[in-house]
Amino acid sequence: MAKYNIAVIEGDGIGPEVMEQALNVLGALGGEADWLSVEKLPWNSRYYLEHGRMMPEGWKEQLQRFDAILFGAIGDARVPDDVSVWELIMPIRKEFRQYVNFRPVRSLPGIRSPLADGEDIEFAIFRENAEGEYSDSGGRMFRGEPAELAIQNTVMTRAGIERITRAAGDYARRHGKTKLTSATKSNAVVHANKLWDEQVARTVRTDYPELELESVYVDALAAYFVQRPQSFEVVVASNLFGDILSDLGSGITGGLGLSPSANINPEKDFPSMFEPVHGSAPDIAGKGIANPIAQIWSAALMLDHLGEAEKGKKIVRAIEQVLAEGKVKTADIGGDATTAEMGQAILDKLAALPEKG
Ligand code: NAI
Ligand code: MG
C-alpha cells in the first residue's frame, strides 16, 4: 500500500486533458518510493451511455477506500446536465459529507484582471456544499399543460449553517483574517435566509467573537466583488450563492482556467474531493488548448489536505513562476500555448525549485 491512495475521475471534455497534466505534476514530486498511488475510475458520460448510470452500484464502498478523490469535470451533450451532476457530483459531495466547498480567489502574477483596479485581490469563499438550494426536494405537476408548475425546496438546517460558518471561521483564525462576509437574501427569501443570518451571527458571536461579521445581500455583494474586491477576506455563502460568487471571483482574477476548488469533509470520516471550478468546456474539448492550471492547483489543495503542505506549496510556486514569466500562456489567458506545453512549463519550474523550502 502506498502512503496515499488517490482515486482519479477524469470525467468528460477537457477533464482528461487537464488531468493528464496534473498527474504528471504529482508524479514529478519527490517523496519516498510509492508515496502516492493513483487509480483511475472510468465514470463519465461514456460510462453512462454504456451502463445507464454515471457510477456503478457500490460506488460508495469503492471510493471510500481512497484517501482523496481528484476529479476533472463532467458534462457531455449526449447526457442531460442534470443527470451527470445529480448522479455523480452531488452523490459524492453529499454522501461523503463534503459540506465545505473551499474556493480561493486571488490575483496572480502576470495575469491581468478585467477590472480597472483588479490587483491584490485575495480572499476565500466558503460555499455550503451539502444542502441549501441544491436539493432534490420538490416536484412538477401538469407536465406539458398550460397549468404546469414546479416546486423546488431549499433545505437549510441550523447544523448545516453552523458547520460551514465554523469552517470559514477556523480558516479566518488560522490565516489571521479579521472579517467574515456572509452572503444573504433574507429581505426576500425570508424563511431559509433568515435562519441563515441568525445562525451565522450566532456562531460568529459565540465561537469567533474576534471576527467582524459583515452580512451583505448577495445582489449587492456581486457588485462589490467588482467595485471593491480587495475589501474581502473570507466569504461564507449558501450552495447556490457560493457557486455563482465563485465564478465571479474567478472572472475578476483571470478566469476559470486558473481556479481550483476543494470539497472537504473536515472530520475526515470520508475522502474529500478536489476539482477545478470549471466544467468540461465542450467548446474547446479535444483541441488540447485548455488551461491545466486549475486542475494542477486542485491537486495542490489535495496535498495540503493530506498533510503534504510543503509539496502543495511547491506546486503553487511553480505555477506562479510560470505565470510571472509570461512566456507560456494558454489561450484563455492571452497566449497560444497548448495544454501540454503549459504542463511542461510547470514541470520545468518544479524541477528547478530547491528540494526544501
Ligand atoms: P465551463 O466551465 O465548462 O466553460 C465555461 C467557459 O470557460 C467556456 O468558454 C470554456 O471554454 C472556458 N473554460 C473552462 N475551463 C477552461 C480551461 N481550463 N481552460 C480554458 N478555458 C476554459 O462551463 P459551461 O460551459 O457552463 O458548462 C459546460 C459543461 O460542464 C456542462 O455540461 C456543465 O453541466 C458542466 N459543468 C460541470 C462542472 C463540474 O464537473 N464540476 C462544473 C460546471 C459545469
Ligand atoms: Mg459552478
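Mentor: Start at ligand 1: one of its oxygen atoms sits 2.9 Å from a polar backbone atom of Ile 74. That's a polar contact, meaning a pair of N or O atoms within 3.5 Å. Keep in mind that this is a predicted model, where local features need pLDDT of at least 70 and side-chain atom pairs pLDDT 80 or more, while totals for chains, interfaces and linings use all residues. Residues count from 1 along each chain as its sequence is written, chains are lettered from A and ligands numbered from 1 in the order written, and side-chain values use heavy atoms, without hydrogens and water.

Trainee: Which atom of Glu 275 lies 3.0 Å from a nitrogen atom of ligand 1?

Mentor: A polar side-chain atom of Glu 275. With Ser 280, a polar backbone atom is 3.1 Å from an oxygen atom of the ligand.

Trainee: How much of the accessible area of ligand 1 does the protein cover?

Mentor: On its own, ligand 1 has 810 Å² of accessible area (Shrake-Rupley method, 1.4 Å probe), and the protein covers 71% of that. Strand S3 (68–73) and helix H4 (81–95) are the elements giving two or more residues to the shell; helices (H or I, at least four residues) and strands (E, at least two) are DSSP runs, numbered from the N terminus.

Trainee: How many residues surround ligand 1, and which are the closest?

Mentor: There are 21, each with a heavy atom within 4 Å. The closest are Ile 74, Asp 81, Gly 279, Ala 281 and Asp 283. By class, the shell has eleven nonpolar, six polar and four charged residues; Asp, Glu, Lys and Arg count as charged, and Gly counts as polar.

Trainee: What about empty space?

Mentor: Rolling a probe the size of a water molecule over the atoms shows where empty space is left. A cavity is a set of points on a 1 Å grid where a 1.4 Å probe fits but cannot get out, and lining residues have an atom within 4 Å of a point. This structure holds two cavities of 30 Å³ or more.

Trainee: Which element gives the most to the lining of the largest cavity?

Mentor: Strand S4 (residues 100–106), with three residues. That cavity holds about 80 Å³ of space, and its lining includes Pro 104, Thr 253 and Trp 297. Six lining residues are nonpolar, three polar and one charged.

Trainee: And which element gives the largest share of the lining of the second largest cavity?

Mentor: H8, with four residues. This helix spans 239–253, and S4 also supplies at least two residues. About 40 Å³ of space lies in the second largest cavity, where Arg 103, Ser 246 and Val 277 are among the lining residues. Here the classes are three nonpolar, five polar and one charged.

Key:
1 Å grid on protein atoms, 1.4 Å probe; cavity = no way out; pocket = protein on both sides within 12 Å on 5 of 7 lines; lining within 4 Å. Points joined across faces, edges and corners; volume = space filled by probe spheres on them. Polar contact = N/O pair within 3.5 Å; in protein donor to acceptor, adjacent residues only side chain to side chain.
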